[in-house]
Amino acid sequence: MQISRDILTRSYRSMRTIRDFEERLHVEFATGEIPGFVHLYCGEEASGVGVCAHLTDTDTIASTHRGHGHCIAKGVAVEGMMAEIYGRQTGVCHGKGGSMHIADLSLGMLGANGIVGGGPPLICGAALSHKLLKDNNVAIAFYGDGASNEGSTLESLNLATVWQLPAVFVVEDNGYGEATGASYACAGTQKDRAAGFGMPYFECDGTDFFAVYKTAGEAIAHARSGKGPAMLHVHLSRWYGHFEGDAMSYRADGEVAKQRAEHDCLVNFRKYVSEVSLLETSVLDEIDADVKSEIDAAVIAAKAAPLPEDADLMRDVYVSY
Amino acid sequence: MSKKSFRQAINEALRQEMRRDPRVILMGEDVAGGRGGTGVKDAWGGVLGVTKGLQTEFGEDRVLDTPISEASYIGAAAGAAATGLRPVAELMFVDFVGCCLDQIMNQAAKFRYMFGGKARTPLVIRAMYGAGFNAAAQHSQALYPLFTHIPGLKVVVPSSPYEAKGLLIEAIRDDDPVIFLENKVMYDDEEDVPDEPYTIPFGEANLTREGDDVTIVAFGRMVNFANQAADRLEKDGISCTVIDPRTTSPLDTGTILDCVADTGRLVIVDESSPRCNLATDVAALVAEEAFDALKAPIRRVVPPHTPVPFSTVLENLYMPSVEKIEAAVRSVAAYHVKEEA
């Protein structure tokens, strides 16, 4: 598998940005300065980045409540995201959406989504647009093992096949829907579900960027070639709770520590590219330093940014009313 | 100009907009019918024939039969609207919104606000509503208050074929999600409808008649009932203003308040369930904004708080009627505030 130097550095930067963004939110949330809920994507970075490495701004994705990683992977500006999470007027959604609703349609990011199973039907529609407008773009629904049991998701698998849509259904299977294990809550297998709807099934280790990149490439190529939808089942682990403040008593002692120690996508990426001499350590170190200052700056800017004004309350309910 | 039925007026609006704009597509259960069957294509053209012939003219890519799978295709319509198409999705009976409300309420309606003004969702959802068809509790509801309650949606309840054509073209050209509700009992109603495309703006009520004594606000099919009641009352010297708000969201509150200021007496006719419906909404508006103008209590002509019954005798009992409206108007016209001693 050939991966260009450009894709490698951009992907590493994206994964590092997500990691630092989320680790920083973990710290800042604990101070009480961030309103609402946040759901962190730490541990899952290689999935969003490995998939989005195959996309351009005109391809569409829909995300989940755990959406920061997908936003960053699709190119949404970190400063605007951080300001949004702080509820500031300068946020990407002007403080109207918050963590669970970050969107940037100009980048093909159809939104994080507060409703489990909200995205897959929307992605059928985005894929229908791509198909009828003949723009050769694809639409990707990210959703979790939890959402894989929603009727809206199962209906979407059917509709996408019936209409032969250029869509990929990416099941990010972190083993838990909130506090309930997927081994309990998901009947059968994702593979059999894909087969049941007659669509090709791909799976990969979601903590290995190279595995995700390769497999997602195959699934996306299938959809882009007009052969209909595909399912990509990504196995991964989340390192924090369902939301910040979740003590994760439903996970055995050591489960997360083992994941962090053995399946850190960034550590493994660095190790691999050094071993096979794809990228120099100095390049990676430079990216790390850049990202660190970018996140620092985003937090400082967010805290200093203006809050929404009273007039913002009534703005943008409609295009016209 | 020619006589057209409510059904034909809607079909013509869809056809003319699809000819005008290739981004306009239709989707829904059996909007054509026949796909995958052994017989003819475009077999039904909608369960009551409203979209007949459109697939034949525009093809299977633009008139899409869907599986019976409301959550997926209503959501797909929202997603397509946010990404460059202008879908008109048919929900068949509005009661089926129970299967896909999330995609309307939490997705399409919220995109623009949640995303800080960055989304446009030019989506129309057409659906049939209303009792009077012996269709019983799951196929007869008048759920426009439910949609009116949700910020981000516009809600249209046309009262005649002329209104239906102009309001539907307006809905398709509108850049916000619009719920367009067609009273199923009206599909064969006929009147003169212009052949060329035209629009009727949202949020501008139509006064179907003007009078001095009582203001009647009525929605959808009830406008026709109110006009019939007003004809009868006219003979007894009670003259009524009848307001057809056309859209429940936006609601033309100015016209309602102006008319109540003139007559001082208000009857509201709404065939939806009586709690938290449009009648309560208009009554609250008038009580709050025009209290000093009122010469009599506000009366609401609404169904009882029950599911829609099946049997004809019960359904007739359930529905607002010309007689019930007439009685309500007579009672407010005869009301006089007692002078304080």
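Which unit do E13(B), helix H10 (residues 278–289) of chain B and E14(B) make? I began my notes with this question; the model I looked at is a predicted one.

**Entry 1: around strand E13 of chain B**

I followed the path from E13(B) through helix H10 to E14(B) and found a right-handed β-α-β unit. E13(B) spans residues 266–269, and E14(B) covers residues 299–301. The two strands run parallel and are joined by three bridges. I looked up one of the partners: B:Val269 has B:Val301 as its bridge partner in E14(B).

I then turned to strand E10 (residues 214–218) of chain B, which pairs with E13(B) in the parallel sense over four bridges. Here B:Val217 stands opposite B:Ile268.

**Entry 2: the nonpolar core**

I looked up the largest nonpolar core, and it has 196 residues.

I took A:Val168 for a closer look. Apart from its neighbours within four places in sequence, A:Val168 is in contact with A:Val138, A:Ile140, A:Ala219, A:Ile220, A:Ala223, A:Pro229, A:Ala230 and A:Leu232.

**Entry 3: the two domains of chain B**

I noted that chain B is divided into domain 1 (2–193) and domain 2 (206–334). Their C-alpha centres lie 27 Å apart. The contact between them takes 24 residues from domain 1 and 23 residues from domain 2. On the domain 1 side, helix H6 (144–148), strand E6 (154–156) and helix H7 (161–173) of chain B each supply at least two residues. I sorted that side of domain 1 by class and got 14 nonpolar, eight polar and two charged residues.

**Entry 4: chain A against chain B**

How many residues does the contact take from chain A and from chain B? I found 37 residues from chain A and 35 residues from chain B. On the chain A side, helix H5 (119–132) and helix H6 (151–162) each supply at least two residues. H5(A) gives the most to this side, with nine residues. By class, the side of chain A that touches chain B has 20 nonpolar, 12 polar and five charged residues.

Definitions and conventions
Residues are numbered from 1 along each chain as its sequence is written. Chains are lettered from A and ligands numbered from 1 in the order in which they are written. This is a predicted model: local features need pLDDT of at least 70, side-chain atom pairs count only at pLDDT 80 or more; totals for chains, interfaces and linings use all residues. Two residues are in contact if their C-beta atoms, placed from the backbone, lie within 7 Å. Ala, Val, Leu, Ile, Met, Phe, Trp, Tyr, Cys and Pro count as nonpolar, Asp, Glu, Lys and Arg as charged, and the others, Gly among them, as polar. A residue is buried if 20 or more other C-beta atoms lie within 10 Å of its own, exposed if 12 or fewer, and partly exposed in between; C-beta atoms are placed from the backbone. Two strands pair if DSSP finds at least two bridges between them. A crossover is right-handed if, with the strands pointing away from the viewer, the path from the first strand over the helix to the second runs clockwise. Domain bounds come from an automatic or database domain assignment. A nonpolar core is a set of buried Ala, Val, Leu, Ile, Met, Phe, Trp, Tyr and Cys residues joined through C-beta atoms within 7 Å.
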